[in-house]
Amino acid sequence: MDSWVQFAGSLLIVMGGMALIGIPLLKSLTLSIEGHREFKGDSMTRREKTRGWLGALVWSLAAIVIWSFFVDWLRAGNIEYAQDALAYRIEKIMESASRN
Amino acid sequence: MSQTPPPPPSADTPQAKADKRAFPCPNCGADLRFDPGAEALKCTHCEAEVDVPHLDDEAAQEEHDLRSQIASGATLETVETPSLNCTTCGASVEFDSDEHSRLCPFCDSAIVADVTMQRNIVPQGLLPFKIQVKEAHELMHTWLLSRWFAPDGITEDSAKENFNGIYVPTWTYDAYTSTAYTGKRGDYRGSGKNRRIHWTRVSGTVSGSFDDVLVSGSQSVSVEFKDALAPWPLRDLETYQTEFLAGFRAENHTFGLEEGYNESQVFMRAKIRDWVRADIGGSKQIISSADTGFSKETFKHILLPVWITHYTLEGERYRMSVNGQTGKVYGQRPFSKKKLAVGALVGFISMVVVGGLISVSTGPNITPYLYQASDEGDWFKD
């Protein structure tokens, strides 16, 4: 490991950032779930209903990618490998997305 | 402490005589109030019960011809009532001479306007309150406790507040519709990369009817509020009698019959588009034109019972409402930012398993590619 302090510090900053971004998303997701369960009429638009789910999905994917980066970093003990592996994965995801 | 109840107020005051909703107790002369539990009038002083006579329910269910009512103006019975108009939310609430508070029951802001006389169409029917105020409190607490990420102490704060029992004016509309449409039907053909959509021109007619499309006659009650408290058991409508209103407040309609119908048509047209899409069929549909004819348009003017309260939490006011018939609860709800942040953090940490699995399972595939790309040797120590 090149620097444990660097690794732990980066992880803490990213965790804080993801928690902050997650606050409005979790609020929106909660309202979507409650609205889906409790509203009988058409008062929630489809956009309102799906916004919470979509936000949570994008956030979850970002969380998975971020964790794969940190596990790579931990396993290789080298941030450059983790960066290259992250770039490779993102490239593959983009390729897959453009094919579909 | 003395067990003797205080002397009953006089029912012969000029205000009480003028108020058509004053029902003096036959025993002691105090006010009778409609008791949702007993479904009868109950004396506020000696607790004597007086039955509310059940009139012919057909009058409550009678449909009135919409076009002739709009064309002729006021053929339905109207009544002039003293009202207070809220400048904040637009509610027009019937003024109760016994009511000293001038807080709007809908938005909780102070009403500073003077009492004015307002002419309203007399509702033909109403759903009487079945839920008592104590039950409304309990239902609200249960609802608040079931909220995710709600702040601590939410039920203690809301318990201090009083409920207002309000009858909300509502229009219901019926109509038969026939829609001639033209459009395109899209069907997928082929598979994989050869999958293409094939469009065919279509035309046709769809017919259907709408029964009791609800439109709030109140601008202070939003569509969301009305839908969230639905369904309303309209088969249980009682013929309008002022006895049911004793002890409750009634809002005057601020949306007229025609405005209400225009709003109901927005709902109907959205449904008709769904019918047209279903009639076209296929995988995708394009509606080029849809010409809808409405016939046999009828309406009812009714009152729906709602318990409303407001509570304060961290300086913010929140409104809660309970369906006075079914007990369904809807409200504005606060969130605890601390709990949301912890929730997001827990969610993020739980993703380590998936992220770790991806790292471990794809690592061996990525490593040769990275060796080739960077030519920097083995990063893994083992």
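Is B:Phe149 buried, exposed or partly exposed, judged by the other C-beta atoms within 10 Å? B:Phe149 is partly exposed, because 19 other C-beta atoms lie within 10 Å, where a residue is called buried if 20 or more other C-beta atoms, placed from the backbone, lie within 10 Å of its own, exposed if 12 or fewer, and partly exposed in between. This is a predicted model, in which local features need pLDDT of at least 70 and side-chain atom pairs count only at pLDDT 80 or more, while totals for chains, interfaces and linings use all residues. Residues are numbered from 1 along each chain as its sequence is written, and chains are lettered from A and ligands numbered from 1 in the order in which they are written. Helices (H or I, at least four residues) and strands (E, at least two) are DSSP runs, numbered from the N terminus.

- Helix α1 of chain A (residues 4-38) packs against helix α8 of chain B (residues 337-350) at an angle of about 115 degrees, the axes being 8 Å apart; axes are lines fitted to C-alpha atoms, for helices over the stretch in contact, and angles run from 0 to 180 degrees between N-to-C directions.
- The crossing of α1(A) and α8(B) is right-handed, a crossing being left-handed if the near helix is turned anticlockwise from the far one by less than a right angle, and right-handed if clockwise.
- Among the residues of α1(A) that meet α8(B) are A:Met15, A:Gly22 and A:Leu26, and the residues that they face in α8(B) include B:Leu340, B:Ala344 and B:Phe348; contact requires C-beta atoms, placed from the backbone, within 7 Å.
- The residues of this contact divide into ten nonpolar, three polar and two charged, where Ala, Val, Leu, Ile, Met, Phe, Trp, Tyr, Cys and Pro count as nonpolar, Asp, Glu, Lys and Arg as charged, and the others, Gly among them, as polar.

**Pairing around strand β13 of chain B**

- Strand β9 (residues 164-189) of chain B runs antiparallel to β13(B) and is joined to it by 22 bridges, and B:Asp174 stands opposite B:Thr298 in β13(B); strands pair if DSSP finds at least two bridges between them.
- Strand β4 (residues 64-65) of chain B also pairs with β13 (residues 284-313) in the antiparallel sense, over two bridges, with B:Phe299 as the bridge partner of B:His64.
- Strand β8 (residues 125-126) of chain B, by contrast, runs parallel to β13(B) with two bridges, and B:Leu126 stands opposite B:Leu303.
- Strand β14 (residues 316-323) of chain B is antiparallel to β13(B) over eight bridges, and the two strands form a hairpin with two residues between them, where B:Glu314 in the turn has a positive phi of about 50 degrees.

**The open sheet of chain B**

- Three strands in the order β1-β2-β3 form an open sheet with antiparallel pairing, whose edge strands, β1 (32-35) and β3 (49-51), each pair on one side only.
- Four bridges join β1(B) to β2 (residues 40-43) of chain B, and B:Asp35 stands opposite B:Ala40.

**Backbone features in loops of chain B**

- B:Phe149, in the loop between α4 (133-145) and α5 (154-159) of chain B, has a positive phi of about 60 degrees although it is not a glycine.
- B:Glu39, in the loop between β1 and β2 of chain B, has a positive phi near 50 degrees and counts as partly exposed, with 16 C-beta neighbours inside 10 Å.
- The peptide bond from B:Ala230 to B:Pro231 is cis, with omega near 5 degrees, and B:Pro231 is placed in the loop between α6 (223-229) and β11 (238-239) of chain B.

Terms used:
Two residues are in contact if their C-beta atoms, placed from the backbone, lie within 7 Å.
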